[in-house]
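User: I've got a model to go through with you. Can you start with the terms and then the overall picture?

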Amino acid sequence: MYAIVDIETTGGHASANGITEVAICIHDGEKVVKRFQTLVNPGREIPIYISALTGITNDMVETAPYFKKVAHEIYELIHDKIFVAHNVNFDYSFLKHHLASAGYDLQCNKLCTVRLSRKIIPGLPSYSLGKVCMHLSIPNEARHRAMGDAEATATLFGILLQSDKDKHITLALKQKSKEQVLPANLPKSDIDRLPLTAGVYYFHNDKGKVIYVGKAVNIKKRVCSHFTGNNPGHQRQEFMRNIHRITYQECGNELMAFIHETIEIKRLWPAYNRSQKNLDFAFGLYTYEDQRGYIRIAVDKRRKYSTPVHTCGSMVEGRNLLLDLIEQFGLCPKLCFIQKNDQPCTGANGAQCACEGHEDADAYNAKVYAAIAELKQALPTFAIRDVGRTDDEHSCILIEEGRFYGMGYVSHYFDADNIHQLKNTLTPYPGNDYIRNLVINYAERYPHKKVSFGAEVIAV
């Protein structure tokens with residue numbers, strides 16, 4: 001038995017919207033044997049644009065029952081049936097959410113007539129309910145009203161049952177199929193072709209634009225996990241509706257997938273990626289030459305197109321670093337903007353400090369250059385050599401002077417301890433502090449995968 005359902009609501013997601021009308025057609029596989037319809041008081045105002053679309057006004061639902069009053073009857077009608085709807089995840093998420101609020105746990109197998117229509121009646125320009133019904137000459141005198149759309153969906157479902165020569169409906173209902181949980185517009189073939197390897201995957205909308213980028217140790221398993229559960233929130237429901245296609249790129253290992261995901265998020269700026277869009281450290285140490293010829297060092301916020309000599313996570317971190325340099329190299333606190341009053345300089349040389357003109361610019365700048373050189377020397381240069389996508393290649397990631405240079409794949413026999421040859425082989429990518437720290441932490445956890453340059457070469 002099938003429960004063919006259509007609902008009208010005050011908005012697009014269950015967690016913040018109410019139901020205004022419910023219609024259910026009980027179908028025995030040949031015909032509709034029972035019908036149920038009721039207006040519902042959603043407990044909130046119906047937006048004007050929703051009323052214009054459905055024709056359901058606030059006056060019409062003012063005396064209608066609240067959902068809790070009809071929840072038991074609705075649950076008894078559908079809980080032991082196969083739940084069918086056009087874009088089933090929308091209707092199911094609303095009813096499951098509101099039934100749960102009334103104390104009922106809805107657990108049904110689902111069938112989506114959008115997905116089934118794409119398989120059984122391929123080649124249509126659109127699979128919206130109105131366009132499919134027009135193509136099949138299915139009458140619907142009450143479009144965007146629950147019973148009108150439920151009756152039309154029931155007629156469509158009857159046609160699909162009769163036309164299903166390849167048993168798509170049977171296959172969709174198999175427990176291992178899981179097809180009913182997929183977004184309505186996503187072909188199952190996109191899921192079937194996903195590999196079980198590490199990599200990056202992309203969700204595309206109907207225009208082909210990437211709307212989400214993710215990384216995974218197992219691409220297929222991770223992608224499928226996006227579609228489990230019935231989160232009624234606005235973001236998830238909108239997200240599911242907008243997924244039309246999935247592509248992927250295999251990576252050699254998890255670290256490569258992590259880095260590639262970060263690069264792609266910054267490059268593509270997908271709408272549904274909330275994190276990893278601004279991962280750079282917020283502050284940096286900057287140098288400039290003042291009018292007297294002295295090199296000055298300052299902590300300042302990172303700005304676009306600026307290149308600090310060193311990055312730091314906060315103003316406090318930068319200030320502490322400057323204090324260490326002042327003490328170690330005898331720099332002037334005033335010329336480093338640490339001391340900002342008019343009192344005598346508190347540096348090691350006191351009144352003999354550069355800010356008082358007692359040390360010429362060339363001598364002072366030599367100390368500044370030495371301090372900067374010390375900072376750069378403390379920044380590591382090394383490569384990570386790890387497993388690749390195939391048995392005859394290795395993945396390789398290069399950190400140069402504490403900055404992410406790039407990555408790529410090299411032959412199993414490639415000698416990775418020559419930095420110049422390695423840079424010619426790898427693809428340069430824009431880096432950030434997140435990637436740098438990710439690679440450095442990985443090197444600390446797996447020192448046997450680290451290749452150092454110069455006198456010391458660590459074998460892999």
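Analyst: Helices (H or I, at least four residues) and strands (E, at least two) are DSSP runs, numbered from the N terminus. The protein chain has 16 helices and 16 strands. This is a predicted model: local features need pLDDT of at least 70, side-chain atom pairs count only at pLDDT 80 or more, and totals for chains, interfaces and linings use all residues. Residues are numbered from 1 along each chain as its sequence is written, and side-chain values use heavy atoms, with hydrogens and water left out.

User: Is the chain spread out or compact, and why?

Analyst: It is more spread out than a compact globule, because its radius of gyration is 32 Å, well over the 23 Å that the globule rule gives for 460 residues. That radius is taken over C-alpha atoms, and the rule is 2.2 Å times the number of residues to the power 0.38. Along its principal axes the C-alpha trace spans about 100 × 60 × 35 Å.

User: How much of the protein chain is buried?

Analyst: Buried residues (under 20% relative accessible area, 1.4 Å probe, protein chains only) make up 50% of the 460.

User: Which residues touch the most other members in the largest nonpolar core?

Analyst: Ile 24, Ile 78, Phe 83, Leu 95 and Leu 111, out of 56 residues. Such a core is a set of buried Ala, Val, Leu, Ile, Met, Phe, Trp, Tyr and Cys residues joined through side-chain atoms within 4.5 Å.

User: Which helix gives the most to this core?

Analyst: Helix α7 (residues 146-163), with eight residues. Apart from this core lies another, of 27 residues, among them Phe 329 and Leu 331.
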